[in-house]
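Take a walk through this structure, one element at a time. Keep the sequence and the 3D view side by side.

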Amino acid sequence: MARRRNRRRRKRGFGLLYKMLSVIVICMAIVIALTLFFRVDSVVVSGQQRYTEEEIRTASGVHPGDNMYLLNKHEVARNILRELPYISTIRINRRLPDTLLIEIQESGKPMAVVQDGSAWLVSSDGKIVEQKPEAEAVNYGLITGCELLAPSVGTSIALATEYAAQQESLINLLEALEDAGITDEVDGIRLDDLSYINMDYGGRFTVRIAYNADYSWELTKLTQTLAREEIQSNMTGTIDLRLDDENVYLMQNVR
């Protein structure tokens with residue numbers, strides 16, 4: 001009886017070992033197949049406007065023959081963002097057997113911070129996308145009343161210590177302006193008053209907005225106000241979005 005039990009145990013042991021070896025062999029076969037057969041033959045780029053397809057392909061660092069499954073998609077995205085700062089978001093997907101898809105979204109028109117003889121162009125996500133001569137700042141809305149710390153193309157803005165609390169609000173406002181599609185209407189954003197933001201809008205109005213506000217809603221209030229029949233084309237003045245009653249800021253502050 002003891003011998004039979006031992007034989008059964010050995011058979012079970014061999015059976016388990018055989019199954020483990022089979023799994024290992026299958027896994028190795030899969031890895032070898034992926035390595036040998038799924039190689040990049042083409043890179044398809046979509047969504048670009050400012051940059052060419054070739055510029056994006058070159059920045060990606062992907063070459064024909066690279067293995068599809070050994071590619072680090074996050075590294076590819078970092079390469080592109082580092083080389084092409086106007087790109088804000090990237091999606092990378094594989095289309096078997098040999099195509100890599102790169103879908104990008106570029107940031108809209110930036111605004112400018114003039115400092116040390118340069119116009120530093122800032123995108124809606126708070127990234128410095130370009131450095132231009134100071135004289136070209138007139139082509140952009142201006143962000144004033146703050147100082148950039150160690151500005152460099154491709155990096156996120158950092159404001160001087162006394163404006164650190166305003167930095168998040170500025171970026172959130174820039175994002176909301178781009179989402180609303182009205183960045184081009186903004187002549188300037190002034191951060192010199194630490195109690196509220198002054199925004200010069202449409203060549204006619206000064207818009208006062210609280211820090212740390214829901215800027216999507218604030219801009220909705222602004223566009224609704226400007227659409228009212230009471231606002232005539234010759235009117236100028238101040239619209240204070242900090243007030244709750246829209247009739248108050250409409251009638252008393254727009255003249």
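The text below takes the sheet, then the helices against it, then the cavity.

This is a predicted model. Begin with the sheet. Three strands form an open sheet in the order β1-β3-β2. The pairing is mixed. β1 (42-46) and β2 (87-95) are the edge strands. Each of these two pairs on one side only. From one strand to the next, the twist averages 20°.

Now look at β1 and β3. Strand β3 covers residues 99-106. β1 and β3 pair in the parallel sense. Five bridges join β1 and β3. One place to look is S42, whose bridge partner in β3 is T99.

Next come the helices. Helix α2 spans residues 53-60 and packs on the sheet. Helix α2 touches β1, β2 and β3. The direction of α2 makes about 120° with that of β1. Helix α3, residues 73-83, lies across β2 and β3. Relative to β2, helix α3 runs at about 145°.

The structure holds one cavity of 30 Å³ or more. About 30 Å³ of space lies in the largest cavity. Which residues line the largest cavity? The lining consists of K109, P110, M111, V122, S123, S124, L174, E178 and T183.

Terms used:
Residues numbered from 1 in each chain as written. Predicted model: local features only at pLDDT ≥ 70, side-chain atom pairs only at ≥ 80, totals over all residues. Heavy atoms only, no water. 1 Å grid on protein atoms, 1.4 Å probe; cavity = no way out; pocket = protein on both sides within 12 Å on 5 of 7 lines; lining within 4 Å. Points joined across faces, edges and corners; volume = space filled by probe spheres on them. Pairing = 2+ DSSP bridges. Helix = DSSP H or I, 4+ residues; strand = E, 2+ residues; numbered from the N terminus. Axes fitted to C-alpha atoms, helices over the stretch in contact; angles between N-to-C directions. Contact = heavy atoms within 4.5 Å.
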